[in-house]
Amino acid sequence: MALDLTIEKLVYGGEGLSRVDGQVVFTPFVLPGELVHVASPSSKKHAQRANLIRVTQPSDDRITPRCPIFGECGGCHYQHADYPAQLRLKRGILAETLRRGAKIEFDEARIAVISGDAWGYRNRTQFHIENGKVGYRQMRSQRLIPAAECPISSPKINEALRKLNRMAKDRRWPKFVTSLEVFTDEVQVQWNVLEAGQPVAKHFFDWLAAEVPGTVPGALDYEVNGDVFSIAGNSFFQVNRSLVGCLADLAIGEESGATAWDLYAGAGLFSVPLARKFGQVTAVESGRAADDLQRNTRRAGVDVESIRQNSEAFLIEANAAPNFVLADPPRAGLGSPAVTRLLELAPKKIVIVACDPATLARDLAGLKERYEIERLAMVDLFPQTFHIETIIGLVRRD
Ligand SMILES: C[S@@+](CC[C@H](N)C(=O)[O-])C[C@H]1O[C@@H](n2cnc3c(N)ncnc32)[C@H](O)[C@@H]1O
């Protein structure tokens with residue numbers, strides 16, 4: 001059974017929303033206003049998911065996807081949309097997510113949109129390897145989709161992918177290595193084994209190093225805005241190589257003063273420039289990047305107190321607020337204990353860098369009690385995908 005739908009709008013997650021007999025249906029790879037023919041969803045749940053059969057009436061924003069495995073590999077969601085349309089749609093989704101999740105009306109036209117390269121932007125990519133094939137897992141499945149190239153990954157990652165495709169067919173390939181990550185600044189290459197059934201011998205890494213020039217044995221030194229950040233294997237680092245410096249500049253903006261906190265500090269991407277604008281900076285990181293953070297602030301010659309701790313615990317123990325708080329939490333957002341404590345400490349200004357607008361909206365629903373939005377920017381760190389990065393500047397109302 002199939003049915004025809006009109007796509008009302010795109011929602012966060014990349015799918016198009018339609019309504020049929022009072023039920024909501026989500027369809028991937030469509031655009032607002034399109035008339036589409038889909039396979040009837042089998043589920044009778046309130047929100048159903050339909051598979052696209054064909055687009056009967058395409059949007060003017062529709063283009064031919066660049067990648068031959070688009071729609072299969074699970075990595076990209078918007079290659080069928082012209083890039084300016086992607087930016088426009090994401091800005092609308094951000095405004096709507098704040099409206100629904102935080103009950104905040106923020107004029108969409110006032111959301112600054114910052115973008116860089118739409119292709120070849122990823123400096124870090126994960127591959128799966130199975131039966132001599134290298135690729136990605138299919139969306140919502142474990143099936144491997146072989147990949148010969150990846151147009152959103154950097155040229156060096158594509159070089160590594162070509163080598164991996166050859167190596168995986170070689171009988172020397174250790175079959176228990178089933179997932180690998182490549183991280184690069186286009187000169188150095190770091191390999192992180194993500195899934196392996198047993199410890200990986202050194203000669204495997206020697207083989208990778210012989211095949212892919214630039215392979216480093218440990219931390220990779222990544223230069224951003226003239227500072228060098230040493231990033232150990234599996235430490236967090238921003239993925240978009242064309243916007244990483246811009247993200248740091250935008251997060252700090254025009255702020256300066258006596259005291260600042262950098263919460264969820266990672267390897268110190270924001271802590272180092274913050275320390276040049278504030279008298280006293282405290283950076284808090286609980287993950288493996290905490291060692292990088294110490295090393296990087298020392299190397300930059302800036303005075304930062306780095307604390308290896310959960311930001312929530314740090315906030316609970318703190319007894320006075322700084323002038324400025326910068327927080328860049330993972331997808332889960334700040335969460336209610338951190339929001340409650342920030343409301344009690346009440347720093348004059350807070351900037352949140354958020355990679356999930358839904359959890360950001362939840363946090364803002366609490367913070368809006370004492371704060372108002374001073375600036376809001378959508379930084380398109382993940383072109384061709386539904387992911388939205390937001391920088392929001394809040395100022396205490398008093
Ligand atoms: C989105 S990254 C941001 C890192 C850094 N601001 C940057 O731009 O490179 C979030 C960081 O928070 C760390 N993290 C996760 N949960 C945390 C927590 N509860 N407290 C402190 N750090 C945390 C992660 O290890 C990661 O390095």
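**Figure 1. Residues around the ligand in the predicted model.** The shell around the ligand is made up of 10 nonpolar, 6 polar and 3 charged residues. The structure shown here and in the other figures is a predicted model. Of the 19 residues around the ligand, those that come nearest are Phe 236, Tyr 264, Gly 266, Gly 287 and Asp 328. Two elements, strand β17 (278-285) and helix α7 (311-317), each supply at least two residues of this shell.

**Figure 2. Strand β17 and the strands beside it.** Strand β17 is mostly covered, with 6 of its 8 residues buried. Strand β16 (residues 257-263) pairs with β17 in the parallel sense, and 6 bridges connect the two. One place to look is Thr 259, whose bridge partner in β17 is Gln 280. Strand β17 is also joined to strand β18 (residues 304-308) by 5 bridges, and these two strands run parallel. Here Thr 282 has Glu 305 in β18 as its bridge partner. Strand β17 is also one of the elements that supply at least two residues of the shell around the ligand.

Figure 3. Ala 260 is found in strand β16. Ala 260 is buried because 28 other C-beta atoms lie within 10 Å, and the cut-off for a buried residue is 20 or more. Leaving aside residues up to four places away in sequence, Ala 260 touches Leu 274, Phe 278, Val 281, Pro 322, Asn 323, Phe 324 and Leu 326. Asn 323 is 63 residues from Ala 260 along the chain, yet their C-alpha atoms are separated by 5.9 Å.

Figure 4. Strand β2 (residues 9-10) and strand β3 (residues 16-20) run antiparallel and are joined by 2 bridges. The bridge partner of Leu 10 is Gly 16 in β3. The hairpin of β2 and β3 has 5 residues between the strands, and in this hairpin Gly 13 takes a positive phi near 120 degrees. Strand β3 also pairs with strand β4 (residues 23-27), again in the antiparallel sense, over 5 bridges. Ser 18 has Val 25 in β4 as its bridge partner. The hairpin of β3 and β4 has 2 residues between the strands.

**Figure 5. Surroundings of Val 25.** Val 25 has its place in strand β4. With 21 other C-beta atoms within 10 Å, Val 25 is buried. Not counting residues up to four places away in sequence, Val 25 touches Leu 5, Ser 18, Val 20, Pro 41, Gln 48 and Ala 50. One of these, Ser 18, is also the bridge partner of Val 25.

Figure 6. Asp 21 is not a glycine, but its phi is positive, at about 50 degrees. Asp 21 is found in the loop between β3 and β4. Asp 21 counts as exposed because it has 5 C-beta neighbours inside 10 Å, and the cut-off for an exposed residue is 12 or fewer. Arg 140, also a residue other than glycine, has a positive phi near 50 degrees. Arg 140 lies in the loop between β10 (133-137) and β11 (144-146). With 8 C-beta neighbours inside 10 Å, Arg 140 counts as exposed.

**Figure 7. The whole chain, for orientation.** The protein chain has 9 helices and 22 strands. Its domain assignment gives domain 1 (2-62), domain 2 (91-116 + 240-396) and domain 3 (124-223). The C-alpha centres of domain 2 and domain 3 lie 32 Å apart. Along its principal axes, the C-alpha trace spans about 65 × 60 × 30 Å. Of the 398 residues, 39% count as buried. Among contacts with a separation of 6 or more, 60% are between residues 24 or more positions apart.

Conventions
Residues are numbered from 1 along each chain as its sequence is written. This is a predicted model: local features need pLDDT of at least 70, side-chain atom pairs count only at pLDDT 80 or more; totals for chains, interfaces and linings use all residues. A residue is near a molecule or strand if its C-beta atom, placed from the backbone, lies within 6 Å of it. Helices (H or I, at least four residues) and strands (E, at least two) are DSSP runs, numbered from the N terminus. Ala, Val, Leu, Ile, Met, Phe, Trp, Tyr, Cys and Pro count as nonpolar, Asp, Glu, Lys and Arg as charged, and the others, Gly among them, as polar. Two strands pair if DSSP finds at least two bridges between them. Domain bounds come from an automatic or database domain assignment. Two residues are in contact if their C-beta atoms, placed from the backbone, lie within 7 Å.
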